[in-house]
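This report looks at charged side-chain pairs in one protein model. The structure comes first, then the notes.

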Amino acid sequence: MSDLNIPKSVDTLEKPKSYDKALLRLISILSKLSNDERLDTKEYAQEFNVGVRTIQKDINVRLMNFPIEKDGSGKFKFTDGFSLNQ
């Protein structure tokens, strides 16, 4: 058993890297959109504890290849007919 490299305490574990947090946030946004959960920029920012500009960058830059648009009330959604399940 002594051959295992298990940390002795939780304090020795690494904190999640910023790119891990970003990836988790992007996957979560895509999942919500796929489930037709509509949130606006501010709601996403509050949910993920980031700034509004971060969410704007996520949607407009990082997820630019996905057909994401705003509905009449300013909430994000996938373009009609698009699904991640296709």
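This is a predicted model: local features need pLDDT of at least 70, side-chain atom pairs count only at pLDDT 80 or more; totals for chains, interfaces and linings use all residues.

## Salt bridges overall

The model has 9 salt bridges. Among them are the pairs Asp-58 with Arg-25, Asp-58 with Arg-62, and Asp-36 with Arg-38.

## The network at Asp-58

Salt bridges link Arg-25, Asp-58 and Arg-62 into a network. Between Asp-58 and Arg-25 the N to O distance is 2.5 Å. Arg-25 belongs to helix H1 (residues 18-34) and Asp-58 to helix H3 (residues 52-62), so this contact ties together parts that are 33 residues apart in sequence.

The salt bridge from Asp-58 to Arg-62 has its closest N and O atoms 2.6 Å apart. Here both residues lie in helix H3, with a spacing of 4 residues, about one turn of the helix.

## Burial within the network

Asp-58 has a relative accessibility of 0% and therefore counts as buried. Arg-25, at 9%, also falls in the buried class, for which the limit is under 20% relative accessible area. Arg-62 has a relative accessibility of 38%, so this residue counts as partly exposed.

## Asp-36 and Arg-38

Asp-36 and Arg-38 form a salt bridge in which the closest N and O atoms are 3.2 Å apart. The separation is within the 4 Å cut-off that defines such a contact. Arg-38 counts as partly exposed because its relative accessibility is 31%, a value between the 20% limit for buried and the 50% limit for exposed.

How values were computed:
Residues are numbered from 1 along each chain as its sequence is written. Side-chain values use heavy atoms; hydrogens and water are left out. A salt bridge is a side-chain nitrogen of Lys or Arg within 4 Å of a carboxyl oxygen of Asp or Glu. Helices (H or I, at least four residues) and strands (E, at least two) are DSSP runs, numbered from the N terminus. Buried means under 20% relative accessible area, exposed over 50%, partly exposed in between (1.4 Å probe, protein chains only).
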